[in-house]
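Please open the structure in your viewer and keep the selection tool at hand. The tour below goes from one selection to the next and says what is there.

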Amino acid sequence: MHGSGARVSTVTDMPAVNPAPERTVQAFTRDFLREVNFGQGVELSVASVNDKYIALAKTVRKHLMARWLVTMRGQREAQAKSVAYLSMEYLLGKQLENALLASDLEEIASEALGNLGIELNDLMEAEAEPGLGNGGLGRLAACFIDSLATMSVPSVGYGIRYEYGIFRQTFVDGWQVEQPDSWLEMGSPWEFPHPEAAVTVSFGGHTTSQVDADGVVRKTWVPGWEVVGIPYNYMVPGYRNGRVNTLRLWSARAVRAFNLDTFNAGQYAEAVRSQTFAENISKVLYPEDSTPQGKELRLQQQYFFVACSLRNFVDQVLPDGFDLHKLPDRVIFQLNDTHPVIAVPELMRILVDERKMDWDEAWAITTRCFAYTCHTLLPEALEVWPVELLGRLLPRHLEIIYRINDAFLDELRETYPDDHLRVRRMSIIQEYPERAVRMAHLATVAGSKVNGVAALHSQLLADKVLHDFSEYMPEKFTNVTNGVTPRRFVRLANPLLSGLITEALGDEGWVTDLDRLSELEPLADDAEFRRRFREVKSANKERLAKLLVVRDGIELPADAMLDVMVKRLHEYKRQTLKLLHVVTVYDQVKSGALDIADVTPRVVAFGAKAAPGYRMAKQIIGLINAVGRVVNNDPAMQGRLTVAFPANYNVSLAETLIPAADLSEQISLAGKEASGTGNMKFALNGALTIGTDDGANVEIRQLVGDGNFFLFGLTEPEVADLIDRGYEPGSYYESNETLRRTLDLISSGVFSGGNRGMFDPVVANLLHEDRFLVLADYQSYLDTQQRVEVAYADPDAWTRSAVLNVARTGFFSSDRSMRDYLDRIWHSAPVFSPVSDPVNVNLPAG
């Protein structure tokens, strides 16, 4: 289950100590009031909501901290192999509710606070959500570290503590406007800074060469400037198993933050210039990179966090005197996409330049310490860094990359002596249009394994994106289909459904064994269970409606189908296709082609952020909101079609929106979505999917059955064939009157106050380019939406399909994903620790 030959370790030398803190309502009340008084420095009667939230968070975290310290000590003693997860993003969601669940304190905390006249939900609402991720990549990382802790696997997550996260999305006249996400403004009780463990990170400068006493030429990096990385530790609790792993996020500071002489000379801004410059590195996630300065800052971020993380593991996590030849037996660094791949030459630099290993032995260690997950099929998303930039910022690393590439090309020329084009294609160094380092190639050459994140994605990765590599080194390529944590996205997000599942199965074991959802399958034919399932969905819709009124001023009609498309705004995800469906229905009603009485009441809910520099994505957001304004306010629609687009979609909103959904829109062009995880969350919460055969949709459809999935659109081979033959989107416009009327209506100015040119960029792009074949799939999508309406008209049959979606998607637990990584890639094993909370973790072992 945990890898061929993997041994399960047990920490047996833990001291026998008394359990603490005391788990009673009285003790919890006492600890909470103590935190209010002595932690926040106020009396309860005058405490603010934030005071009470901070006090509650610190009270709860005490129940996790002793376990955390025991976990860390147990790992130091066992020295078992660890997973070090390197990710630029961690979209964590709020921490308090998850901590209460993991520590089994929900009822105790609720009763204790209730006795003081405080509503637990009010304090949970006060928590600011850390915006440390942009979408699926960051949420996946958060799910994975949750599962590793729950499965008792030694692991540490490494990333960046962004001061302002991604951004807070607002709408001004329907257009996206980015605001700073000040999630740290009121303090974060879940983080533990350790400035004493700071790491110095170098940039710029040049290299020198010397011959050592053994006659070996040694390189020395002479940096031009340095910053300091401060680690902030976060607890990652397993689900009621006694284990608490660590997420370590790095914050950048100047080596010399303040120049007093400059300040006293009256140059106040210059006195703090170095601190401002250094702090930019950890200021925001994904700085806008359309400028040279933005590109350089992104590379600074990537190197900063991996340099801090490798230095932390090698110098501070490993025991003194550790033999680095054994490093692959002690850690596997998982590269979550190409962002952390600069860690490869960094480890080589440490081993060769600092530890004085010869090149070959250092390379043998390095190639066993890394594994690479590719999360894309889009060529533009496979990072390349210009040689000029990389050489200027990290001169020694560029030298190391060149040497890695030279050795690799020598191997290729020996294997393919007459295939110069193949050698050029596989080179780590791209020659045109500019000399650049292909980070995906570097990761593939250096990694012990390369995996895709869904069966179709892994196949396309091997067959198309990295085809030459998969032919040359097929043993490296494997698949691990993504998953989501059932703790957050079912147990916490959907308490009513969770209660129904637990009642049906007899216990809560399904929370850590999601395959047990299959036991629900016979209940799909139970009329009473279906009735109760519908009641849960209805109650979840009411909960969402109440939230959106308060949060966004959006009012949803009752008893309508909730049709949801939530994901970052990108053209390949095809929010435009969903919008064309809305406009088509509106046009048909207004023209009399469709009787309003025949329109199934439907709320179309969007949630999406566009990257600040992505102009087309911002245009699409503006068009969605413009269409919504007109459709929602037109009396002819009689409220039967509503467009809802709440701003700033995040994990917290997802936890309310997903459980309420009836229909899940997963409509990316086949062959473009790596996996998706939203599709899994919706299915697990009883939504039916309308989707293409793309990413993990393929596996969802295979598991739930064709009769419980609305499939439409071109397949990946059909997409490739159409593009090869020469795709002409304008021909679909000319031949399809319904499509023509829909696009013409957008161009007419109906949705833009008479301004015919406002949305021309969107329409022109569809008519003349349409990279992602929206118009080619339009009619198939419309036809399938008709099938959706027919199916929804039979509530009992629809509910049966919804129950089967829940029952048949237990496969998509991130716990299963982690087992696959353990088996196929990491070859690591759990280390089990005591479940009780010891009072004194400083007692000597034995």
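Two strands pair if DSSP finds at least two bridges between them, and strands (E, at least two residues) and helices (H or I, at least four residues) are DSSP runs, numbered from the N terminus. This is a predicted model, in which local features need pLDDT of at least 70, side-chain atom pairs count only at pLDDT 80 or more, and totals for chains, interfaces and linings use all residues. Residues are numbered from 1 along each chain as its sequence is written, and side-chain values use heavy atoms, with hydrogens and water left out.

Begin with the open sheet of 3 strands, whose order is β14-β16-β15 and whose pairing is antiparallel. Its edge strands, each pairing on one side only, are β14 (384-386) and β15 (429-430). Now select β16 (residues 436-438), which runs antiparallel to β15 and is joined to that strand by 2 bridges; Ala436 in β16 is the bridge partner of Gln430.

Next, select helix α16 (residues 439-446), which lies across β14 and β16 and runs at about 45 degrees to β16. Such angles run from 0 to 180 degrees between N-to-C directions, and axes are lines fitted to C-alpha atoms, for helices over the stretch in contact, where contact means heavy atoms within 4.5 Å.

Finally, select helices α10 (residues 292-317) and α11 (residues 343-354), whose axes come within 9 Å and cross at roughly 45 degrees. The contact is made by residues including Tyr303 and Leu310 of α10, and Leu347 and Ile350 of α11.
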